[in-house]
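Please look first at the place where the chains meet, and then at the fold of a single chain.

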Amino acid sequence: MEVPILKQGAVLIATFQAALSDADLNQLRMGLVQQVVKFRSRAVIVDVTAMDVMDSFASRTLREIAHMIRLRGAETVIVGIQPEVAFAMVQLGLTLEGVATALDLEEGLAYLNEKFKTTN
Amino acid sequence: MSVGETRVAINSDQDIVSARQKGRAMAIELGFSSGDATLIATAISELARNIVSYARKGQITLKGVQGSSRVGILVIASDDGPGILDIRQALRDGFSTSGSLGLGLPGVRRLMDEFEINSQPNRGTTVTVKKWRQ
């Protein structure tokens, strides 16, 4: 399953679907990092609103994406984790430590704008 | 309430997705809330992942169960893989989840109401979990 990656200025926006397999997630991780390099993006927003399950592999992949992108000098914001999904993640003991999160796409963009303003 | 039994063969990462989707669908059919269905689907995802990671193949069985005054869902994850050498360690938090190993059994236990594990070295592992409708 292809994950669409949208380019909006210096920000890449990847929108996850519900039924992503491990192979899809791995492919996305590579794809995102390559595009950050290609477009010299300053930030990536990963929108997980549609994801109905965030298990250990998915959270680990998100953490890895964020860390790889940080090594490129760019920011990652995970947006749209559903309340039920957040509850299940906490029960499972999964964290997204060190990764920025925001309520939705709009909040994610606002967070990045604020961040770019202060670092410029 | 009669919701039949569904078996999902687990042979690849794609089967993890279909097992949890079938589990969610059955939970909804049994009258679970969408929140509980998410917990059940997440538990199934972890159990199926263990099968793929440690045993390569196995199966997930999903079944509606009728208690004395309540309805629940039964999930059985079984494989003929290498088994778990130290079950107590596998059930301890920190051995699992966030690290690279997977397993996540303590988390699965928290997501569900009942949890039972049988494992024998070189014979395989069966994890049986239940969740009751609120």
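The contact takes 18 residues from chain A and 24 residues from chain B, two residues being in contact if their C-beta atoms, placed from the backbone, lie within 7 Å. On the side of chain A that touches chain B, the elements giving two or more residues are H1, H2 and helix H3 (83-92) of chain A. H3(A) supplies the largest share of that side, six residues. By class, the side of chain A that touches chain B has nine nonpolar, five polar and four charged residues. Here Ala, Val, Leu, Ile, Met, Phe, Trp, Tyr, Cys and Pro count as nonpolar, Asp, Glu, Lys and Arg as charged, and the others, Gly among them, as polar.

This is a predicted model, in which local features need pLDDT of at least 70 and side-chain atom pairs count only at pLDDT 80 or more, while totals for chains, interfaces and linings use all residues. Residues are numbered from 1 along each chain as its sequence is written, and chains are lettered from A and ligands numbered from 1 in the order in which they are written.

Within chain A, the secondary structure comes to four helices and five strands; helices (H or I, at least four residues) and strands (E, at least two) are DSSP runs, numbered from the N terminus. Along the sequence they follow the pattern β-β-α-β-α-β-α-β-α. Chain A is as compact as a globular protein of 120 residues, because its radius of gyration is 13 Å, close to the 14 Å of the globule rule. That radius is taken over C-alpha atoms, and the rule is 2.2 Å times the number of residues to the power 0.38.

How do two of these helices pack? Helix H1 (residues 22-39) of chain A and helix H2 (residues 56-71) of chain A lie at an angle of about 10°, with their axes 10 Å apart. H1(A) is therefore roughly parallel to H2(A), a term for angles under 35 degrees. Axes are lines fitted to C-alpha atoms, for helices over the stretch in contact, and angles run from 0 to 180 degrees between N-to-C directions. Among the residues making the contact are A:Leu25, A:Leu32 and A:Val36 of H1(A) and A:Phe57, A:Ile65 and A:Met68 of H2(A). The residues of this contact divide into nine nonpolar, one polar and three charged.

As to confidence, the predictor gives the complex an ipTM of 0.89 and a pTM of 0.91.

Key: Parallel < 35°, antiparallel > 145°, perpendicular 65-115°, else oblique.
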